[in-house]
2 protein chains.
Amino acid sequence: MIQAIDRAARVLAALQGSRHLGITELGAILDLPPSTVHGIVASLRDHGLVVKEPHGQRYMLGPTLLQLSNVYLDTLDVRARAMRWTGDLSERTGLAVRLGVEFFDQVIVIHHEPRPDGTRQMPETGVTIPAHASALGKVLLAYRPSFLQSLLGKVPLRSLTGETIVEPVELEKALVEVVEKGYAVEDEEAVLGEASIAVPVADRDSEAIAAIAVVLPASQQPVADSVLTLLREAARNVSRELGSPTWPPVVSELDD
Amino acid sequence: MIQAIDRAARVLAALQGSRHLGITELGAILDLPPSTVHGIVASLRDHGLVVKEPHGQRYMLGPTLLQLSNVYLDTLDVRARAMRWTGDLSERTGLAVRLGVEFFDQVIVIHHEPRPDGTRQMPETGVTIPAHASALGKVLLAYRPSFLQSLLGKVPLRSLTGETIVEPVELEKALVEVVEKGYAVEDEEAVLGEASIAVPVADRDSEAIAAIAVVLPASQQPVADSVLTLLREAARNVSRELGSPTWPPVVSELDD
DNA sequence: ATCATTATTCGACATTGTCGAATGTGCTTC
DNA sequence: GAAGCACATTCGACAATGTCGAATAATGAT
């Protein structure tokens, strides 16, 4: 680990959290002297990774991140393959669809299909959700034991709503059920009023590498069997395009 | 400039260009020994800025960029303000709309409204276009002389199509006209078959900080006056919300 | 205009990053 | 399965780079 790069990444993470920060504030957050922070920020600025806010002394994230992010999304085979199927799924269910992958102790939405009802909805691509509080995350936790192990190494689990599962034992029990049924349910655990159901996407090694979810109002729980069928179909189609010989995936082995 | 951070940023830029690269390839591009590159890449990996591709030895950009990018977009006041007006503009013109800002020698799309005809269109947020070859860019070059100066310091101008303006004198002449008319036109200079027209967005200092464009097939040139009127209206509305006392903006002063 | 706070610059030197050599890994061919 | 090759990764000596305290400059509020 190169310290200077670690520090630069931590500057970016601090700006991700607080959005606008001055040099002294960044120094306080990172426990570094202002002059050190200033050098780091200056280097990031030269590459457009950080900018100074238009009116004032504070700094914020910069446009290079958007360009790089666009390339990241473009590079994802699973996303390219899922575009069509998630689009179909959204049209046929009338629901919003999310495609998510593992991201540290969270899940990050790499593709979002808004509800096809013509209303304006916030774009969700790039949104992160705690893994244990989302259907997307629970699917990945269930089929990827290394993800669960990594998560449980970071107790305590965060509570987002009164419904969020925060006991490791309870979560593990829920995950066993996910694998048995082949899908995960989220019922107001991340966002009040919101429910979703998710299934895994498998790659050519039959391992779960992503998950697809449909999102619905909690009042519409439980989800209709027809929706679950369409969801499964979409995931199976994406998995097949990725070269998976089977669906659902196997539960990955835990490598020490 | 902190060398290690500069090198890390250059690794990201190399991966932005070529998408998948091995350590030796990165070393060749950056003119660094493999062991040095390996250390940099390992540091970036720890923060999710770079990942190893699922099957193989090569590296690609990582999901942290998506998360950071999402925050970048969220932090942009001009984008938040423009969302509603660009949405209206798209609905009323039936055309796709782009909101762009200056990005080194390019313009980067920070918000995209697809054509409201229900067809599937590629998302354009995060797309970069050479400034001199796009209506968005020409507006910003015209109203921001420092942008033009910076661009012309990097001859030669790249030719994208047979229509692209690559002579500095010709470009400067075109930009004088942009300011006279208050809008810029792009006619197959960036993409064959595609035309657009753009106007500036002003901030509280009456300086152009962004541009809004509508996009149409080249066959539909010239754009109808009614479309130009709606485009101006949208830009004026965004500018007013940003606190601009006037519209169009003033041509910024060139600071040495 | 004044003042307080914060940003930025500068340079000595400690420590960190670099990079060549050695070792390990993965892929291809037989 | 074994061998060979290309590339990735590890290791450690030491050169040079990054750090950080002090000084100076800039900014914003009054």
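**Contacts with DNA strand C and the relation of the two chains**

In this predicted model, a backbone N or O atom of Ala4(A) is placed 2.8 Å from a phosphate oxygen of DNA strand C. Two or more residues each are given to the surface near DNA strand C by helix H1 (3–18), helix H2 (23–30) and helix H3 (34–46) of chain A, together with helix H1 (3–18) and helix H3 (34–46) of chain B.

In total, DNA strand C is surrounded by 17 residues, of which the closest are Gln3(A), Ile23(A), Thr24(A), Lys52(A) and Tyr59(A). Of the atoms of DNA strand C that come within 4 Å of the protein, 81% belong to sugar and phosphate. Sorted by class, the surface near DNA strand C comprises 10 polar, 5 nonpolar and 2 charged residues.

Chain A is divided into two parts, with domain 1 covering residues 3–64 and domain 2 covering residues 76–241, and the C-alpha centres of these two domains of chain A are 33 Å apart.

As to the arrangement of the copies, chain A is superposed on chain B by a rotation of 180° with 0.0 Å of shift along its axis, at an RMSD of 0.0 Å, and this is the relation of a two-fold axis. Because 100% of the interface residues of chain A are interface residues in chain B as well, the copies meet through the same surface.

Methods: Residues are numbered from 1 along each chain as its sequence is written. Chains are lettered from A and ligands numbered from 1 in the order in which they are written. This is a predicted model: local features need pLDDT of at least 70, side-chain atom pairs count only at pLDDT 80 or more; totals for chains, interfaces and linings use all residues. Side-chain values use heavy atoms; hydrogens and water are left out. Domain bounds come from an automatic or database domain assignment. A residue is near a molecule or strand if one of its heavy atoms lies within 4 Å of it. A polar contact is a pair of N or O atoms within 3.5 Å; within protein, one must be able to donate a hydrogen and the other to accept it, and residues adjacent in sequence count only if both atoms are side-chain atoms. Helices (H or I, at least four residues) and strands (E, at least two) are DSSP runs, numbered from the N terminus. Ala, Val, Leu, Ile, Met, Phe, Trp, Tyr, Cys and Pro count as nonpolar, Asp, Glu, Lys and Arg as charged, and the others, Gly among them, as polar. Copies are superposed by least squares on the C-alpha atoms of residues with pLDDT of at least 70 in both. Contact means heavy atoms within 4.5 Å.
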